[in-house]
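Dear colleague,

Here is the structure I promised to pass on to you. Please have it open while you read, as my notes on it follow directly below.

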Amino acid sequence: MPRTSWILAAIVAFGMVAGLARLITTPPSMGGDQTNTWWTASLHLANGDGFVDCLPIYFPFCGPGNEATAMREPVPVCLFALVAALHGTLWTAGLVQLLLYLLTTLAVFRLAREVADERTGLIACALWVVYIPALTVLPQIAGDMIASLAATTGLYLYAKAWNTGGTLRWGLAGACMAVAVLSRSALLVAAVPLGIALVWHTWKPGVPLAGVLRPVLVFSLAWCLVMLPWVARNTMVFGQVVVGSTLTGYNLLRHNHQVQEDVPFHYVNEEEARPVAYAALARHPELTGHENEAQVDRVYKQEGMSVINAHKARYIGICMFRFLPLWFNWGVNSAYGKPIEPTDFLVALQQAVLLLLALAGLRRAPRSAWPLVMGSLAVCLAYMAVVARLRYVIPVMPVVLLLGAVALSRMVERRTLWSRSVG
């Protein structure tokens, strides 16, 4: 076995030990962050009830006959419904999370190797297996891990097609990115920079228009076709087009209502948001109390945008503030009454180091890395515009790790050259 394969196997083995340790010390439970909603929806689907769930804290009108949901993205719900049907325990779901985490390790290696070189790939996947937020969410049954795997795989195929061409690769890249969106809706905004970069890449003197458009059309068509069943289902169920989640409007109102008050910017918990959401619905006497999720979410969006339009300067300020919870989880735990633990400081330190390394690596990143960077930046900006916490950035962290690995690889190279010159 080549040396690289041995090193990669050792990194994956370390990741397995670290992941198992996390699951053993903190087993998946219904008290885990977001598990109660994702796992409940999966159980409904596994039991033949359909894609339904009812959380009055978000949608007060839900109930018998009005439980169709699009709160949670379909791919994780369907995956964990399969787990529940085959062996319906949270521990099994946790092991599936671990498998997704390990597969992402391999995907990170292939992505970094494709963009840079083999050494960079090994460094990047080593950074992933010691990335604390990814380990932290393993017991939390949600969409983060599968979104990370799908996005990393899609970006790897995108980079591969960028470097070597191939209609099939462009199609697979679009399909994988669609799966990522169907796991975390905000990843949809990455389509714009990735598509623009693809046009720029293929637009060369002498290349016929068909040659320029073919990769873009294949990439876009594959993306749309994979998403089509979910959009069609939502249109049939709710009577209107819903591409992502029906929680977008709720989050827009929940996390931005504070801009109309003279209070310090902060992460808004559910208890603080409940009267805000209920008051917003009460301002609409035309509501009958039988509205579905999409109809209620539309009201939340209207109310949220009304607040934002009336307080544009403070809204820009809170968008900038949300860099802190997005990157460092600043104020999220305290919003839920959780004490700040030493691990929180360690996570913040790790995030700061990775950010600095990524900025250093950006200067020496190959051209094929820039579309990935712009796509990841678009996702971060989308979260900063609505709601931000550290777990949301996990699916795009492989790009950050790639850049950090480029910087570290360069440091190793310089040290090697210096040692040789001294010797």
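In this predicted model, Cys 54 and Cys 62 are joined by a disulfide, with their sulfur atoms 2.0 Å apart, and the structure holds one disulfide. The torsion about the S-S bond of Cys 54 and Cys 62 is about 80°, so this disulfide is right-handed. As for the two partners, Cys 54 counts as partly exposed because its relative accessibility is 22%, whereas Cys 62, at 15%, counts as buried, the cut-off for buried being under 20%.

Cys 125 is in no disulfide, and the nearest cysteine sulfur, which belongs to Cys 176, is 19 Å away. Cys 125 has 0% relative accessibility and therefore counts as buried. For Cys 176, the closest cysteine sulfur is in Cys 224, at 15 Å, which is too far for a bond.

Turning to the whole protein, you will find 19 helices and zero strands. A compact globule of 423 residues would have a radius of gyration near 22 Å, and the protein agrees with this because its own value is 22 Å. The C-alpha trace spans about 80 × 55 × 50 Å along its principal axes, and 53% of the 423 residues count as buried. Of the contacts between residues at least 6 apart in sequence, 77% join residues at least 24 apart.

Finally, the surface and the charges: the accessible surface comes to about 18900 Å², with 68% of it belonging to carbon and sulfur atoms, and the protein has 30 positive and 22 negative side chains, the centres of the two sets lying 16 Å apart.

Key: Residues are numbered from 1 along each chain as its sequence is written. This is a predicted model: local features need pLDDT of at least 70, side-chain atom pairs count only at pLDDT 80 or more; totals for chains, interfaces and linings use all residues. Side-chain values use heavy atoms; hydrogens and water are left out. Helices (H or I, at least four residues) and strands (E, at least two) are DSSP runs, numbered from the N terminus. The radius of gyration is taken over C-alpha atoms; the globule rule is 2.2 Å times the number of residues to the power 0.38. Buried means under 20% relative accessible area, exposed over 50%, partly exposed in between (1.4 Å probe, protein chains only). Contact means heavy atoms within 4.5 Å. Accessible areas come from the Shrake-Rupley method with a 1.4 Å probe; for residues, only the protein chains shown count as cover. Lys and Arg count as positive and Asp and Glu as negative; His and the chain ends are not counted. The place of a charge is taken as NZ of Lys, CZ of Arg, CG of Asp or CD of Glu. A disulfide is a pair of cysteine sulfur atoms within 2.5 Å.
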